[in-house]
Structures are given as structure tokens and as C-alpha cells.
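Please keep the structure open while reading.

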Amino acid sequence: MRYFIYIFSFSMFFGCTTQVSKEDITNLNGYWEIEQVTFPDGETKEFTVNPTVDYIELDGSKGFRKKMQPKFDGSFTTSNDAEPFQIVEDKGQFNFQYKNEMSEWSEEIKSISKDRFSVINQDTLTYTYKRFEPIKLEK
């Protein structure tokens, strides 16, 4: 019985771990909207409608993140503000590293696919994003 418990625990630990690879990082390019936030106690907050989306653009390991407001005609409004970042690998984990005149912070990238990604910040809040799809209105 003890042998079964060890095998089960081992398979659960490694079976549930999502490894982010260097090749996955390019999937971050594009428009993203927040889908949910998971709090340290496991509670979640779902986001069904978002007035803003994040635009992420990467060139190698450097990039920027910008808030955009989608319009019904498919265009966006935005300010000229963009938050520069660098993707840093540390012991097999990839992190967004942000730094501006006022502060410095990081977010660990937990998972990435073509349609979703998630990060965990220093307050142990997990943010899950889904690829933004504009609302299509029939004419």
C-alpha cells in the first residue's frame, strides 16, 4: 500500500506540472484578456467582460506590455504608455522582469499555450489570461 501511495504522489506531482520552454515564450505575442485571478487561499475571481486587454510584443527576450481598449469596429484606443520587460530564465523557470523609475517587480510564468498563459506574482496571486477575440457584430 505504501508503494502505491509513493507512485501516486510522484505521478500527481509530475503529471500536474506544466513546464514552460524557451520556444513557448513566442506565444506571448499578441492581445490578451484576463480570464481569472486565483488568490492564495484558492478562491478565484472570474472575468467575463474586460474593458481593456493587454498587448504584448516580444523581440527576443525583451518586450513591452501595453493596455488597450478594444472598440466595436475592431480598432483599439490606447495611451503611449508601455511597460517594458525582459524575460529571464532562472533554474528552468521563466519570469517577466519589470523595472521603471518607481519600482521593480517580477512575475513567474506558470504556463503558456497558443490560447492561454498564466503568471504568479510576488503576492502569490495567479493571473490567467486568454487570447483576446474581438466581438464581431453583424451588419
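Strands here are DSSP runs of E, at least two residues long, numbered from the N terminus. By that numbering, T124 lies in the loop between β9 (116-121) and β10 (126-131). The model is predicted.

**Loop residues with positive phi**
- T124 has a phi near 60 degrees, a positive value in a residue other than glycine.
- K91 sits in the loop between β6 (83-90) and β7 (93-99).
- K91 is not a glycine either, yet its phi is positive, at about 55 degrees.
- K91 is exposed, because its relative accessibility is 81% and exposed means over 50%.

**K62 in strand β4**
- K62 belongs to strand β4, which covers residues 62-70.
- K62 has a relative accessible area of 51%, so K62 is exposed.
- Beyond residues up to four places away in sequence, K62 touches E57, F85 and Q86.
- K62 and I87 are 25 residues apart in sequence, but their C-alpha atoms are 6.3 Å apart in space.

**K66 in strand β4**
- K66 is also found in strand β4.
- K66 is buried and has no salt bridge.
- The K66 side chain does reach the backbone oxygen of S79, at 3.2 Å.
- Leaving aside neighbours within four places in sequence, K66 contacts V53, D54, Y55, T78, S79, N80, D81 and A82.

Definitions and conventions
Residues are numbered from 1 along each chain as its sequence is written. This is a predicted model: local features need pLDDT of at least 70, side-chain atom pairs count only at pLDDT 80 or more; totals for chains, interfaces and linings use all residues. Side-chain values use heavy atoms; hydrogens and water are left out. Helices (H or I, at least four residues) and strands (E, at least two) are DSSP runs, numbered from the N terminus. Buried means under 20% relative accessible area, exposed over 50%, partly exposed in between (1.4 Å probe, protein chains only). Contact means heavy atoms within 4.5 Å. Lys and Arg count as positive and Asp and Glu as negative; His and the chain ends are not counted. A salt bridge is a side-chain nitrogen of Lys or Arg within 4 Å of a carboxyl oxygen of Asp or Glu. A polar contact is a pair of N or O atoms within 3.5 Å; within protein, one must be able to donate a hydrogen and the other to accept it, and residues adjacent in sequence count only if both atoms are side-chain atoms.
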